[in-house]
Structures are given as C-alpha cells and as structure tokens.
Amino acid sequence: SSAGGVFNQVGGRLTVENTTVSGNTATRGGGGGVFNNGGANSATLAHVTVVNNTAGGGGGGLRGTGTTVHNSIVSGNAAAQGKDVSAAVTGFGNLIG
C-alpha cells in the first residue's frame, strides 16, 4: 500500500511542522515517508526531517505533486524510483538527496 508514514487523501489539507518522519515502509506504492494525494497546494512541510523510509514504488521519502517543502531535509531514503522525492515539489532552504 502507499504511504508508510503520513498520507494526505484527495481533498485533504496537510501541514507538518518540526517533525521527523523516519523508519516507515510503503510496500507496494510510493511515499515511504509522506504521500500527498491531496492535489495542488494541498501539503506543506516545514522544518521536517524525512529519513530512512522505503517505498516499493516511487518516492522513498516523499511522493505527491502539490507539496511545498521549506527548510527541511529529505535524504537517506530508498525506493524503486526517486529514492528521496518522486514528485514536483516547491519550496526553499531544503537539503534533498
């Protein structure tokens, strides 16, 4: 299934701040750490560390278009495609990869 750690459903609005998302697994889908399925501008991560997550699909750390990431670290994740990020994300001040 998709989303090992945090999942944002269609139509949802997700904000994650000052948090570590680590050690999660999405066995078949993507988004081992965070999977945003909410659509455009539906998820914001700020001051978040996403590490050591695994996905059988894409985005070991983060998957999902419409995600804004600020001052965060997304690194050390594993996936079949896009080990850390599998999506078009926006934001600033990040360490990815």
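Leaving aside neighbours within four places in sequence, Thr68 is in contact (heavy atoms within 4.5 Å) with Ala43, Thr44, Leu45, Thr90 and Gly91. Keep in mind that this is a predicted model, where local features need pLDDT of at least 70, side-chain atom pairs count only at pLDDT 80 or more, and totals for chains, interfaces and linings use all residues. Residues are numbered from 1 along each chain as its sequence is written, and side-chain values use heavy atoms, with hydrogens and water left out.

- Thr68 sits in strand β8, residues 67–70; a strand here is a DSSP run of E with at least two residues, numbered from the N terminus.
- Thr68 counts as buried because its relative accessible area is 16%; buried means under 20%, exposed over 50% and partly exposed in between, using a 1.4 Å probe and protein chains only.
- The side chains of Thr68 and Thr90 are joined by a polar contact of 3.3 Å. That term covers a pair of N or O atoms within 3.5 Å; within protein, one must be able to donate a hydrogen and the other to accept it, and residues adjacent in sequence count only if both atoms are side-chain atoms.

**Strand β5 and its partners**

- β5 covers residues 43–51 and is mostly covered itself, with seven of its nine residues buried.
- β5 runs parallel to β8, joined by four bridges; two strands pair if DSSP finds at least two bridges between them. Thr44 stands opposite Thr68 of β8.
- Strand β2 (residues 14–22) also runs parallel to β5, this time with eight bridges. Here Val21 has Val50 in β5 as its bridge partner.
- Three bridges link β5 to strand β9 (residues 73–75), again in parallel, and Val51 stands opposite Ser75 in β9.

- β4 (residues 34–36) and β7 (residues 62–63) pair in the parallel sense over two bridges. In β7, Leu62 is the bridge partner of Val34.

**Ala26, tucked into β3**

- Ala26 belongs to strand β3, residues 25–26.
- Why does Ala26 count as buried? Its relative accessibility is 1%.
- Ala26 and Gly59 are 33 residues apart along the chain, and their C-alpha atoms are separated by 9.6 Å.
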